[in-house]
Amino acid sequence: MSAAAADEVLRLEGDLSYETIPGVLAATAQFAARTDLPESIRIDFAKVTAVDSAAVALLLEWRRMASARGKKLSFENLPTNLLALAQLYGVAELIQPAAA
């Protein structure tokens, strides 16, 4: 396929914490540098085992990056505790916008 895929799913695994976020951000930068970056990116959290407040910051950074590149970003299978943290910090709507 020569053109960029219209949609792509990234599946995360393991912990998303202060200790692991730098590695995730490095992988994110590598992904974002692709010349065939899809128009829509879905990030699946089904295999994420633990999160802390750094994960909220990560999701906000991903939203910022996607917006800057004109890409659509959606999150799937967000852990309940991640949604609770986002609610606590007042950014739940930015993490998971309400369905239209």
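The model is predicted, so local features are given at pLDDT of at least 70 and side-chain atom pairs at pLDDT 80 or more, while totals for chains, interfaces and linings use all residues. Residues are numbered from 1 along each chain as its sequence is written, and side-chain values use heavy atoms, with hydrogens and water left out.

Select F45, W62 and F75, which ring pairs link into a cluster; rings of Phe, Tyr and Trp (its six-membered ring) pair if their centres lie within 6.5 Å, and planes under 30 degrees apart count as stacked, over 60 as edge-to-face and the rest as tilted. The search of the whole structure finds two aromatic pairs. In the pair F45 and F75 the centres are 5.8 Å apart and the planes at 80°, so this pair is edge-to-face. F45 lies in strand β2 (residues 40-51) and F75 in strand β3 (residues 72-76), so the pair ties together parts 30 residues apart in sequence; helices (H or I, at least four residues) and strands (E, at least two) are DSSP runs, numbered from the N terminus.

Keep F75 selected and turn to W62, in helix α2 (residues 53-68): their pair is tilted, with 6.4 Å centre to centre and 35° between the planes. Both W62 and F75 are buried, where buried means under 20% relative accessible area, exposed over 50% and partly exposed in between (1.4 Å probe, protein chains only).

Next, select helix α1 (residues 21-32) and colour its buried residues, I21, V24, T28, F31 and A32. The face turned away from this buried side carries the exposed residues P22 and Q30.

Conventions: Expected span 1.5 Å × (residues − 1).
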